[in-house]
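Hi,

Here is the structure I promised to send over. Have a look at it first, and then read on for my notes.

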Amino acid sequence: MHLRRVRLQFIIFFLCFVVCLSKPALSQFKFTQIVVKGNTTTDVKTIKSISGLKRNISLSAVDLNVALKNLYKSNLFENVEVTPKGQTVTIKVIENKRIRRLVFEGNKKIEDKELFPLIKSKERQPFSRSQVVKDSRIISDFYRFKSRYSARVEPKIIDREKGYVDLVFEINEGNILQITQIDFVGNKNFSDRRLRDVIKSRKAGLFASFFTNDNYSEDNQEADKFLLEKFYKDHGFPDAKVIASLGGLKDGRGSAFLTYSIYEGPRIRIGKVSIESLIKGVPSSIYKNSVVVSKGDNFNFSKIQETLDNIKKVSVSNGYPFLIGKVDKVRKFREQEIDLLFKVKEGPRLFVEQIEVSGNTHTRDNVIRREFQVEEGDAFDPSMLKRSEEKLQSLGYFESVKVNVRQGSNSQNAIVDIDVKEAPTGALSLGLGYSTDTDVSAQFSFSESNFRGSGQGIRLSVSASKDRKSVGLGFKERGFLGRDVLVSMDIDYTDSKPRSTGYTANLLAVKPAIGFNLSSDTRVNIIYKIENIDVTAVGTSEVLKQDLGKSTRSAIDLAFRFDKRDSIILPTKGYMIKFGSEIAGIGGDEQFVKSEASGKIYKGIYGNNIILSTELEGGVLTMGKGYSKIVDRFQLGGRSFRGFKYSGIGPRELSGGSFTIPLGGEKYAMARFAASFPLGLPRELGLFGSIFAETGALWDLKTDPNVPGLANKIALKDRSLRTSIGFAMNWETPIGPLQFNWSRPQKYLDADSLEYFSLNLATRF
């Protein structure tokens, strides 16, 4: 019995083995003919090509199934059958109809041009029901991205003759879902109000219809979590984490709420701080000024990162482009401290393989590339990329500049993508001013800073008032001979007739110039000036009679700028030093040296929400031949000294016992202090305020001693400080930046001309 059972099992196993061996052979087909049926618009060769089937090649059932899937994936066919019979395989298709017309209906807030690129269904392309379903979902998701969570999209298909359909997406846009409540849970060290200032999301308010940050957005929630954690880590809480964020509907689904649950953790201070170089021959001493954290400070992630960035900058400037900083943190739980050891080590040898530019529909590629401080083949330096991005943004050619980095052909190469969005570069400028004596001034100018996308600038300015008329023409080329060299030519004509002096003069000036960088932080500009001056009248002034007549001057103006700000657009720290000297006497009738110098320091506090700045400025005019003219002397007031009218302080001429005519001075000094801050309004308004305090003096004026009594006619030649305080408001409007200044002079003389309010406007087109 047992033997019979074994024999039976062996027979079953053998039969199964034979079937398995013969199955592949039985499922192989070899066709001599492929027949296509049912097609009316699609070419037979195209259908065969899409299927992937070939004649006289052995094919299996799997191959036939793949061919079926390929034909369906093409979206050309509504139904497909692949049938083998004898030596022939038949492909029978029912073609999809084509879309004759595709429209959106009901969309008022989002234009068609925004929706068309999102979907794959296109006019004159095959119609696919499955694709229409996907497109409807894509449109709905886009409306959700725009905070319209109640939007509904319903596709309508209208059959037309000759195999065509009209496709209509009917859209009910619904209302924007706005945030009316933002709460925080777990925050003990910072109030809800303080944390609301940190995040991107905002509660809907008075200006809700104009802005988007008060619209409910899942993307903004993620940004809020990042900003909250960064805020805590910059204020002494390295363990802080947003452990949950919840968004939901309230008020009958008409508005939304946000709740963030926060784990703060303990406040940690910085203990021992040290820096060490791990590279032989590179001393740690060159990095000593890179460290911006100190023992006893609250833990600050941003300052630690800033120190690492500084180490990289110092490495590059000293010829070590691949040296980077790394920080080791040693936690001392009992003391609630973290020791920091910054190490200088060799980083990955990463090079810039390629720079790709996109989005520039007007500006030429070479104009963008020449502003970049990084070239293809250079060592990769993130700080240089940031600086280059800011340089491009500061040109004024682009609304936005985005620089992204991706891996190149291998791990040691990087590709830098520069994506720009063009901005209007033509400008109409209008300046308006109002002073206490009701004087109104205005200026009009036209300029194009990116002529034909070449980076060249042209200028035409015309100004007219009761006191002054002028016309100016200018041209500049930022990339002369393909290098970072600026050349320019300006021609200006001015006819001055100030009522306060009776001074009438014509000035024609021709000024060619060249500018170039000595280093990434240092720039030099050289201007040659040749000017013809004709003073035809000085009114009743005895002092200004020495200006009468024609004269020609030939001068070289040298300007030096050293810029160590962290940003050239919105600086929050660093400093900038400027020095300039105009030397006249290289030909012409006059000899003098006119020098000016200034320095400005920036410091951000409270998370850079408040920017403090301090500026010192001064100048000296030294005559080598003859005596100075009013057109050469320094003038203070207006924008240079808020609270005082232009030429409102300094030496004046005595006439009839009163101070009548402002003469300008040969020396001046100014100090300015300011604190700029947001006004608490939605950031999209572009409104920022600042309080300022300014103090300065304008003094000294030498006259011809051979003219009897002339020196006695000049008063206020001594150094006398004036001061003013005030409030300024800057508003970035759609037509351009507006600046309002309200000033209150604190220390002044009765002879000074005061100005309590001024307004400046510029508009772009």
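**The cores**

Leaving out residues up to four places away in sequence, Leu-195 touches Phe-184, Asn-187, Phe-190, Leu-228, Phe-231, Tyr-232 and Ile-262, where a contact means heavy atoms within 4.5 Å. Before going further: this is a predicted model, in which local features need pLDDT of at least 70 and side-chain atom pairs count only at pLDDT 80 or more, while totals for chains, interfaces and linings use all residues. Residues are numbered from 1 along each chain as its sequence is written, and side-chain values use heavy atoms, without hydrogens and water.

Leu-195 is among the residues with the most contacts inside the largest nonpolar core, which has 20 residues; Phe-184, Tyr-216, Leu-228, Tyr-232 and Tyr-260 are also on that list. A nonpolar core here is a set of buried Ala, Val, Leu, Ile, Met, Phe, Trp, Tyr and Cys residues joined through side-chain atoms within 4.5 Å. Buried means under 20% relative accessible area, exposed over 50% and partly exposed in between, with a 1.4 Å probe and protein chains only. At least two residues of this core come from each of strand 9 (178-185), helix 6 (192-198), helix 7 (218-233) and strand 11 (255-263). Strand 11 gives the most, with four residues. Helices (H or I, at least four residues) and strands (E, at least two) are DSSP runs, numbered from the N terminus. Another core lies apart from this one and has 19 residues, including Val-352, Ile-355, Phe-380 and Leu-392.

Val-314 lies in helix 8 (residues 301-317). Why does Val-314 count as buried? Because its relative accessibility is 16%. Beyond its neighbours within four places in sequence, Val-314 is in contact with Ile-286, Tyr-287 and Ser-290. Val-314 and Ile-286 are 28 residues apart in sequence, with 7.6 Å between their C-alpha atoms.

Strand 2 runs parallel to strand 5 (residues 88-95), over five bridges, and Val-35 has Thr-90 in strand 5 as its bridge partner.

**Confidence**

The mean pLDDT (the predictor's confidence in each residue, from 0 to 100) is 83, and 88% of the residues reach 70 or more. Over residues 5-26 pLDDT stays under 50, and the model has zero contacts beyond four places in sequence there.

Best wishes

Note on methods. Two strands pair if DSSP finds at least two bridges between them.
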